[in-house]
Amino acid sequence: MARRNTRRQQSTGKPAWVWFVLGNFVGGFAVFVFLLNDLKTEQVRVASKAGKPAAEQGAPEESKPRFDFYTLLEENEVKVPKPKTPSTRARDFRGESGSDSSATTAQAAAPKDELVYILQAASFRDAAEAERLRAQLMLANLEAKVESATDSRGTWHRVLVGPYDNRSKVAKARSILAEHSLMPLVLKRPAKG
């Protein structure tokens, strides 16, 4: 048997990576030439602008920014009507004359004095629990009392703190109640003469 002389034929061409690298070099060179040409044309434009006299370049006023919002605001102005409530009228009259201002201030303050603020700290079904919380709040220097109310679900014992005549005192009492992990309800009630 004859041996076959099988020899792989080697290709005489270049490997693929050589063609890849060569293509990248040619492409890079083409981009470099293109950018170089662009740079030259830009320099020619700048040189031609610098050579023009000042009158031909354009007025310097055109280069300043224009603000139109002053005119736009005047066009979109909204007229607000004067309020008709007595408390705001009292504020309007205060600056006009001293004698009228005291009379209107007293009239405006009168409805506010008729209401007081009371904080409901908690409500319990058991009166002993309500008394225990009232004692804790008394130790925290709050004026607390227990009020009982009956409804269809039974009797509830509410722990009330107050009364307070202004909101700043209410806010201070609420902060003290928050220190005791209580989130009170703010109630407005008419003042008892």
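User: Helices (H or I, at least four residues) and strands (E, at least two) are DSSP runs, numbered from the N terminus. Which helix holds both Glu42 and Arg45?

Analyst: Good place to begin, with one caution: this is a predicted model, where local features need pLDDT of at least 70, side-chain atom pairs count only at pLDDT 80 or more, and totals for chains, interfaces and linings use all residues. Residues are numbered from 1 along each chain as its sequence is written, and side-chain values use heavy atoms, leaving out hydrogens and water. Glu42 and Arg45 are 3 residues apart, about one turn of the helix, and both belong to residues 16-51, which is helix H1.

User: How far apart are the closest N and O atoms of Glu42 and Arg45?

Analyst: These two form a salt bridge, meaning a side-chain nitrogen of Lys or Arg within 4 Å of a carboxyl oxygen of Asp or Glu. The structure holds 6 salt bridges. For Glu42 and Arg45, the closest N and O atoms lie at a separation of 3.3 Å.

User: Is Arg134 buried, partly exposed or exposed?

Analyst: Let's start with its partner: Arg134 and Glu131 meet through their side chains in a salt bridge of 3.0 Å, N to O. Both sit in helix H6 (residues 127-139), and because they are 3 residues apart, about one helical turn separates them. Buried means under 20% relative accessible area and exposed over 50%, with partly exposed in between (1.4 Å probe, protein chains only). Glu131 has a relative accessible area of 37%, and Arg134 has 25%, so Arg134 is partly exposed.

User: Which residue in S3 stands opposite Thr150?

Analyst: Two strands pair if DSSP finds at least two bridges between them. Strand S1 (residues 115-124) runs antiparallel to strand S3 (residues 154-164), and 6 bridges join them. S3 also pairs in the antiparallel sense with strand S2 (residues 144-151) over 8 bridges, and a hairpin of 2 residues joins S2 to S3. Gln120 stands opposite Leu160 in S3, and Thr150 faces Thr155.

User: With which side chain does the side chain of Ser148 make a polar contact?

Analyst: Ser148 is in strand S2 and, setting aside residues up to four places away in sequence, touches Trp156 and His157, where contact means heavy atoms within 4.5 Å. A polar contact is a pair of N or O atoms within 3.5 Å; within protein, one must be able to donate a hydrogen and the other to accept it, and residues adjacent in sequence count only if both atoms are side-chain atoms. At 2.9 Å, the partner of the Ser148 side chain is the side chain of His157.

User: How much accessible area do Trp17, Phe20, Val21 and Phe25 have together?

Analyst: These four form a nonpolar surface patch; patches are made of residues with over 30% relative accessible area and no salt bridge, joining like charges within 9 Å and nonpolar side chains (Val, Leu, Ile, Met, Phe, Trp, Tyr) within 5 Å. Trp17 is found in helix H1 and counts as exposed because its relative accessibility is 61%. Accessible areas come from the Shrake-Rupley method with a 1.4 Å probe, and for residues only the protein chains shown count as cover. Together, the four residues have about 530 Å².
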